[in-house]
Amino acid sequence: MTDHQWKKNEETEILIEDLGKDGEGIGHADGYTLFVRGALPGERVRVRIMKAKKNMGFARLMEVLAPSEDRTRPACPVSGPCGGCTLQHLSYAGQLLAKENKVKNCLTRIGGVDLSQVEWLPIQGMTGEMEEPWSYRNKAQFPVRQDDKGQPVVGFFASGSHRLVPTEECLIQHPVINQVVERVLEFLTRQGVTAYEEGTHRGLVRHIFVRRAYFTGQLMVCLVLNGNKLPGEEKLLASLQEIPGFCSFYLSVNREKTNVIMGKKVELRWGNPFIEDKIGDVTYQISPQSFYQVNPIQTQKLYARALDFADLRGDETVWDLYCGIGTISLFLAKALPEGRVVGVEIVPEAVENAKANAVLNGISNATFRCGAAEDVASDLVKEVGADVVVVDPPRKGCDAKLLDTMVKMGPEKIVYVSCDPATLARDVKILQEMGYRLKKVQATDMFPQGGHVETVCLLTRKV
Ligand code: SAH
């Protein structure tokens, strides 16, 4: 460690040692931590410091001096500037290894887990026959903005900014989703409908939201507007109706100065209020506001593993907390001929979907409640208790109050499905200190080409 104070625009050579949570390379310059987008572990790189904070800085990759054997040429022409795929320059085998290592590192460093005591199942990647780690996404939210000439353009924001990188074809999206975007853009241009401009808070169309059901091909489109009406709406509808599967069209009004995409008002303008998809032999109705996993092929593997870890006898009571539209709940309910499932979810529309989905599939042993898991669980303890608890929280992990309630209730098993290994590890540490033991772990790659990773864990009560 030296006393050198790194400053903006200084250049240096470093060795990349690790990948950060968004797939950025991490290295050190005389003990000072630098984050470098696009750099891979094992590489010697020349970087320029762009932002120097007290304990760490962000640097731009200027030159790869010694490339990693796993470096590949990105398939997408905008993979550098676009903030979406952060690992396209890493071979798919390399991505899987990096993700698995990330889960291992978090569990050992943050969670204090002794991995020799844990059954570790190898990461599930998109490596099966007929599988490809491309064109997998079933949902997109493309921002629409104005170019220099005031014309509407569609694309994705550059990493950490609101600068639009134009692209009408995203290689991880299903091709039909790209087709929708092309049609919408064509309509906006021809019709002279304005795109939103953040600086002035003017212009009409903010986002194009598209969701496509993998199994049925049903297609939902929602335009998010900084206004109440879409001029020439019927022309857009006519164009979208030519795309097979299109069956639901919404407008959402969002006039706030906010990063939140959907407005509070979401109005069905044409077709069905939801689309239907299938996972295994369960059919699901999905509203625009509801969470639904974005990688349908990997979702099947993820849920199958969660069910496998739960290892149900068939007569248990199971809580499925953070249940969304009841995806995991209904899978569990089918495996419980003499048992039952209680799902808890905070978004009212998702709870409505979950209830309807139970009916749709003739499942009568699953009930759903709307509310924050941490609040509803404390009430549930008094009423039903649980033998098994499944949790699938958003990135911030479980609320401390919820962990406390779960431990006090003392289910035999906790199946933790996580989309952030760092908060998973934090929660595993707490659960291990409070009488649970981490037994099994499996990572699943839900986001090929991106940096995130999903993990399923089994924790059992110590006897
Ligand atoms: N298990 C579902 C959903 C997982 S995503 C699936 O696999 O599809 C996480 C879900 O938790 C989202 O539906 C989100 O709306 C919900 N959520 C977020 N915070 C919550 C809270 N405090 N209590 C209950 N649900 C919450």
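User: At what angle do the axes of helix α4 (residues 296-310) and helix α5 (residues 327-334) cross?

Analyst: In this predicted model, the axes of α4 and α5 come within 10 Å and cross at roughly 45°. Helices are DSSP runs (H or I, at least four residues), numbered from the N terminus. Axes are lines fitted to C-alpha atoms over the stretch in contact, with angles from 0 to 180 degrees between N-to-C directions. Angles under 35 degrees count as roughly parallel, over 145 as roughly antiparallel, 65 to 115 as roughly perpendicular and the rest as oblique; α4 and α5 are therefore oblique to each other.

User: Which residues make the contact between α4 and α5?

Analyst: Contact means heavy atoms within 4.5 Å. Tyr303, Leu307 and Ala310 of α4 meet Thr327, Ile328, Phe331 and Leu332 of α5.

User: How is a pair of aromatic rings described?

Analyst: The description uses the distance of the centres and the angle of the planes. Rings of Phe, Tyr and Trp (its six-membered ring) pair if their centres lie within 6.5 Å; planes under 30 degrees apart count as stacked, over 60 as edge-to-face and the rest as tilted. The whole structure holds five aromatic pairs. In one of them, Phe142 and Phe156 are tilted, at 4.7 Å centre to centre and 35° between the planes. Ring pairs also join Phe246, Phe249 and Trp270 into a cluster.

User: Is Phe142 buried or exposed?

Analyst: Buried means under 20% relative accessible area, exposed over 50%, partly exposed in between (1.4 Å probe, protein chains only). Phe142 is buried because its relative accessibility is 0%.

Note on methods:
Residues numbered from 1 in each chain as written. Predicted model: local features only at pLDDT ≥ 70, side-chain atom pairs only at ≥ 80, totals over all residues. Heavy atoms only, no water. Helix = DSSP H or I, 4+ residues; strand = E, 2+ residues; numbered from the N terminus.
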